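Subject: Structure handover

Hello,

Here is the structure we spoke about. Please look at it first, then read the notes below it.

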Amino acid sequence: MAYWIAEPCVDVKDLACVEVCPVDCIHPTDGAGVPLIFIDPDECIDCGACEPECPVEAIFAEEDLPEEWNGYAEINTEFFKIDREDPAAVKTFLEKMLTAGNFEGEAADKVKKFIEEEL
Ligand code: SF4
Ligand code: SF4
């Protein structure tokens, strides 16, 4: 099992979850360089401490992830396979997720704006 961060975090990323995670597995810890942040499934110990801290209810245990946000499990996992320090790699990662339809509607618009302005 794992916990995942989904669409409501896009453009919010207030880092409340980062502050309570006992194993520091939510990245980037300063929220910089990405439009939302991610949980490393290999490091997460499934303690659930982050879930109630999120002001926009963006964090879900695997079995509770709403079906329309299933793609966020992939997004969280994929993020830890790229060179996260490389803006070009992050840009390619986000564009791939847009193409895959994992960001849609208002979230997609925010991600596109982030890519244009920040990467
Ligand atoms: S607490 Fe929620 S909105 Fe804030 S960074 Fe974590 S997942 Fe994103
Ligand atoms: S469930 Fe626990 S270990 Fe996993 S990301 Fe949340 S606070 Fe960190």
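Helices here are DSSP runs of H or I with at least four residues, strands are DSSP runs of E with at least two, and both are numbered from the N terminus. This is a predicted model, in which local features need pLDDT of at least 70 and side-chain atom pairs count only at pLDDT 80 or more, while totals for chains, interfaces and linings use all residues. Residues are numbered from 1 along each chain as its sequence is written, and chains are lettered from A and ligands numbered from 1 in the order in which they are written.

Does the length of H3 agree or disagree with its number of residues? The expected span of a helix is 1.5 Å times one less than its number of residues. For the 13 residues of H3 that gives 18 Å, and the end C-alpha atoms are 18 Å apart, so the two agree.

Lysine 91 is in H3. This lysine 91 is partly exposed because 15 other C-beta atoms lie within 10 Å. The classes are buried for 20 or more other C-beta atoms within 10 Å of the residue's own, exposed for 12 or fewer, and partly exposed in between, with C-beta atoms placed from the backbone. Apart from neighbours within four places in sequence, lysine 91 is in contact with Ile115 and Leu119, where contact means that the C-beta atoms, placed from the backbone, lie within 7 Å.

Phenylalanine 114 is in helix H4 (residues 105-118). With 19 other C-beta atoms within 10 Å, phenylalanine 114 is partly exposed.

In helix H2 (residues 71-79), the buried residues are Tyr72, Ala73, Ile75, Asn76 and Phe79. Their arc around the axis is only 165°, so they lie on the same side of H2; the arc is that of the directions from the helix axis to the C-beta atoms. These buried residues pack against strand E1 (3-5), strand E3 (38-39) and helix H3 (87-99).

Some backbone angles are worth a look. Most residues other than glycine have a negative phi, and most peptide bonds are trans. Lysine 13 has a positive phi near 30° and lies in the loop between E1 and helix H1 (16-20). It counts as buried because it has 20 C-beta neighbours inside 10 Å. Aspartate 46 has a positive phi near 60° and counts as exposed, with 11 C-beta neighbours inside 10 Å. The peptide bond from histidine 27 to proline 28 is cis, with omega near -5°.

Now the ligands. Around ligand 1 there are 14 residues, and the closest are Cys9, Ala16, Cys17, Cys54 and Ala58; a residue counts if its C-beta atom, placed from the backbone, lies within 6 Å of the molecule. Ligand 2 is also surrounded by 14 residues, the closest being Cys21, Cys44, Cys47, Ala49 and Cys50.

Finally, the whole chain. The protein chain has four helices and four strands, in the order β-α-β-β-β-α-α-α. Buried residues make up 28% of its 119 residues.

Regards

Key:
Two residues are in contact if their C-beta atoms, placed from the backbone, lie within 7 Å.
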